[in-house]
Amino acid sequence: MRYAATTAAPRVGVSWIVALYLIAGGIVAATHHYWQNVHSLKAIGSGLLATVLWPLILVGINLHIH
């Protein structure tokens, strides 16, 4: 009996998309100074928020927690 060879094309999984999104967010947050002087929980929260919600930074919304 002969079976057909199966090949699977490489796919971009959700984890790669999430990783790329967070890398881009980290870069945008860093270039907008959200990761400087992270000596308090507020500063760390601002950095995390900016990393996850980085498209809002690009449209001009300030995500610093005061």
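His32 lies in the loop between H1 and H2. The model shown here is predicted.

**His32 and its surroundings**

- His32 counts as partly exposed, because its relative accessibility is 36%, and the partly exposed class runs between the 20% limit for buried and the 50% limit for exposed.
- The side chain of His32 reaches back to the backbone oxygen of Val28, at 2.9 Å.
- Neighbours within four places in sequence aside, His32 is in contact with Ile57, Leu58 and His64.
- His32 and Trp54 are 22 residues apart along the chain. Their C-alpha atoms are separated by 9.9 Å.

**Two residues of helix H2**

- Helix H2 covers residues 41–52.
- Is Ser46 buried or exposed? Ser46 counts as buried, because its relative accessibility is 2%.
- Which residues does Ser46 contact, beyond its neighbours within four places in sequence? They are Tyr34, Leu63, His64 and Ile65.
- Thr51 is buried as well, because its relative accessible area is 11% and buried means under 20%.
- A polar atom in the side chain of Thr51 lies 2.8 Å from the backbone oxygen of Gly47.
- Thr51 also touches Leu22, Gly25, Gly26, Ala29 and Trp35, once residues up to four places away in sequence are set aside.

**The aromatic pair**

- A pair of aromatic rings is described by two things: the distance of the centres and the angle of the planes.
- How many aromatic pairs does a search of the whole structure find? The search finds one.
- Tyr21 and Trp54 form this pair, with 5.4 Å from centre to centre and 45° between the planes.
- Tyr21 is partly exposed, with a relative accessible area of 34%. Trp54 is buried, with a relative accessible area of 18%.

**A nonpolar patch on the surface**

- A nonpolar patch on the surface is formed by Val14, Val18, Tyr21, Leu22, Leu49, Val52, Leu53, Leu56, Val59, Ile61 and Ile65. Together these residues have about 900 Å² of accessible area.
- Which elements give two or more residues to the patch? They are helix H1 (14–31) and helix H2 (41–52).
- Helix H1 gives the most, with four residues.
- Val14 is one of the patch residues, and its place is in helix H1.
- Val14 counts as exposed, because its relative accessibility is 64% and exposed means over 50%.

**His66, after helix H3**

- Where is His66 found? His66 is in the segment after helix H3 (54–58).
- His66 counts as exposed, because its relative accessibility is 76%.
- His66 and Lys42 are 24 residues apart along the chain. Their C-alpha atoms are separated by 7.2 Å.

Technical notes: Residues are numbered from 1 along each chain as its sequence is written. This is a predicted model: local features need pLDDT of at least 70, side-chain atom pairs count only at pLDDT 80 or more; totals for chains, interfaces and linings use all residues. Side-chain values use heavy atoms; hydrogens and water are left out. Patches are made of residues with over 30% relative accessible area and no salt bridge: like charges are joined within 9 Å, nonpolar side chains (Val, Leu, Ile, Met, Phe, Trp, Tyr) within 5 Å. Accessible areas come from the Shrake-Rupley method with a 1.4 Å probe; for residues, only the protein chains shown count as cover. A salt bridge is a side-chain nitrogen of Lys or Arg within 4 Å of a carboxyl oxygen of Asp or Glu. Buried means under 20% relative accessible area, exposed over 50%, partly exposed in between (1.4 Å probe, protein chains only). Contact means heavy atoms within 4.5 Å. A polar contact is a pair of N or O atoms within 3.5 Å; within protein, one must be able to donate a hydrogen and the other to accept it, and residues adjacent in sequence count only if both atoms are side-chain atoms. Rings of Phe, Tyr and Trp (its six-membered ring) pair if their centres lie within 6.5 Å; planes under 30 degrees apart count as stacked, over 60 as edge-to-face and the rest as tilted.
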